[in-house]
Amino acid sequence: MRKYKGIIIAVAILVVALAIWYFFIRKKEVPVSFETEQPVYGHIATSVTATGTIQPVDTVAVGTQVSGTLKSLYVDFNSQVKKGQLLAELDKSLFQAQVDQFRANLLVAQSNFEYQQNNFKRQELLFKTGAISKSDYDIATNQLNQSKATVASVNAQLQSSLKNFSFTEITSPIDGVVLNRNVSVGQTVAASFNTPTLFVIAKDITKMQVESSVDEADIGNVADSQRVTFTVDAYLEDVFAGRVQEIRLQPSVSSNVVTYNTIINAPNENKKLKPGMTANVTIFTAEKDTALLLSVKALKFRPDSVALKDYVIASAVRRNAGATRRDTTGKFKSVERIGSSNYVWLLRGDSLVQKHIRTGLNDNTHIEVLSGLSENDVVVLSLNGSSGPVAAAGTKSPFLPKMGGGRRR
């Protein structure tokens with residue numbers, strides 16, 4: 001009886017061990033499933049990103065051509081001004097005194113000119129009757145000409161002083177908005193060597209521009225009139241639109257990084273954009289609205305022949321097809337192929353078929369399919385949610401799990 005008792009205990013221990021292994025240690029079989037996708041038509045674009053600064057399209061620095069003390073200011077920051085509007089005035093007292101002085105000098109010169117005219121007429125009459133010599137006649141002529149030149153000279157000085165007097169009134173050269181005011185009442189401005197800037201006026205703040213810096217690696221894809229979107233930190237929820245207006249050829253070099261200034265026009269009808277704002281720019285270098293799209297993930301999938309022995313893995317690719325051709329002279333010439341060459345795997349029943357495709361635009365999420373696929377093709381993205389590794393083909397094993405019904409499209 002003891003002999004059978006030991007056998008029973010051993011069998012019971014073995015059964016318990018097998019139960020523990022089966023329910024707690026044994027790895028459960030995971031049914032094979034694919035993540036699949038069918039190509040769809042949609043919009044795709046490639047873009048270049050950059051940063052830039054918002055600026056008015058046209059600004060004018062208003063200065064003064066004469067020196068003096070600022071007596072009056074009629075505008076301030078953000079003032080709307082019209083062309084010819086009075087902005088400021090300098091003290092006119094010294095300029096008025098100079099004008100009065102030249103006017104008096106002109107009266108003296110004109111009086112002398114009249115006297116010399118009368119004297120010349122008398123001398124001419126005496127010369128014709130032979131009462132005076134030719135020398136006296138020449139002296140009278142010379143004095144008349146000198147007095148006439150003096151009148152012209154003093155008159156020119158008077159006009160110059162009047163012009164300087166008019167410069168004491170600083171007016172706006174354009175319609176616009178005052179962006180900056182650099183002076184205050186009572187300040188002395190000196191225009192001896194250069195023209196001091198009193199005001200900066202923007203011509204039209206409803207039309208702004210973005211001066212962005214595009215890296216030399218990306219500038220080759222940027223061209224005039226390309227669509228642009230940008231955001232500013234002040235309005236994170238708003239996306240502003242514009243167009244590439246100009247690519248300036250003068251490069252900027254900073255820390256051995258070469259960039260090119262790219263000017264982007266930016267309509268500003270609501271006047272949200274303000275000069276000096278930092279813009280985060282996206283330039284769309286290529287766009288298509290009706291492209292056949294496929295996830296980029298499909299290009300990375302490779303079937304695992306060990307895990308997929310229940311499936312036929314076939315290749316439907318003709319290598320180098322159409323790469324060269326023979327012309328009528330018997331010579332071989334290259335055939336230009338549009339796009340890039342890639343391969344994807346299609347699920348057809350219990351078969352995985354490799355398919356050669358031509359691809360175009362790539363936005364790192366989707367890729368444009370130029371040829372090789374249709375909307376009805378079922379393209380494999382991954383196996384059990386992840387791309388399988390590349391493995392050599394093997395023989396079919398009866399111990400591998402069957403495919404489950406969890407396909408996703």
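Reader: Which residues does Thr229 touch, not counting residues up to four places away in sequence?

Author: In this predicted model, Thr229 touches Val239, Phe240, Asn280, Val281, Thr282 and Phe284. Thr229 itself is placed in strand S12.

Reader: Is Thr229 to be read as buried or exposed?

Author: The cut-off for a buried residue is a relative accessible area under 20%. Thr229 counts as buried because its relative accessibility is 16%.

Reader: How should I read the pairing of strands, and which strands pair with S12?

Author: In general, the strands of a sheet pair through backbone hydrogen bonds, in a parallel or an antiparallel manner. Here, strand S12, residues 227–232, is joined by 5 bridges to strand S13, residues 235–254, and the two run antiparallel. S12 also pairs with strand S15, residues 278–295, over 5 bridges in the antiparallel sense.

Reader: Let us turn to helices. How many residues does helix H2 have, and what does it reach from its first C-alpha to its last?

Author: Helix H2, residues 93–129, has 37 residues and reaches 55 Å, close to the 54 Å expected at 1.5 Å a residue. After H2 comes Gly130, whose phi is positive, near 85°.

Reader: Which residues of H2 are buried, and how should I read their spacing?

Author: The general idea is that an α-helix has 3.6 residues a turn, so residues three or four places apart point the same way. In H2, the buried residues include Phe95, Val99, Phe102, Leu106, Ala109 and Phe113. Gln116, Asn119, Phe120 and Gln123 are buried there too. Helix H3 (134–166) is included in what covers the buried residues of H2.

Reader: With which residues is Gln116 in contact, leaving aside its neighbours within four places in sequence?

Author: Gln116, a residue of helix H2, is in contact with Gln143, Leu144 and Ser147. Gln116 is buried, with a relative accessible area of 8%.

Reader: Which residues make the nonpolar surface patch of about 390 Å²?

Author: Val16, Ile20, Trp21 and Ile25 make that patch. Ile25 has its place in helix H1, residues 2–25. The cut-off for an exposed residue is over 50%, and Ile25 counts as exposed because its relative accessibility is 56%.

Reader: How many helices and strands does the protein chain have, and what share of its residues is buried?

Author: The protein chain has 4 helices and 22 strands. Of its 409 residues, 33% are buried. The accessible surface of the chain comes to about 25200 Å², and carbon and sulfur atoms account for 52% of that surface. Among contacts with a separation of 6 or more, 75% are between residues 24 or more positions apart.

How values were computed: Residues are numbered from 1 along each chain as its sequence is written. This is a predicted model: local features need pLDDT of at least 70, side-chain atom pairs count only at pLDDT 80 or more; totals for chains, interfaces and linings use all residues. Side-chain values use heavy atoms; hydrogens and water are left out. Two strands pair if DSSP finds at least two bridges between them. Buried means under 20% relative accessible area, exposed over 50%, partly exposed in between (1.4 Å probe, protein chains only). Contact means heavy atoms within 4.5 Å. Accessible areas come from the Shrake-Rupley method with a 1.4 Å probe; for residues, only the protein chains shown count as cover. Patches are made of residues with over 30% relative accessible area and no salt bridge: like charges are joined within 9 Å, nonpolar side chains (Val, Leu, Ile, Met, Phe, Trp, Tyr) within 5 Å. A salt bridge is a side-chain nitrogen of Lys or Arg within 4 Å of a carboxyl oxygen of Asp or Glu. The expected span of a helix is 1.5 Å times one less than its number of residues.
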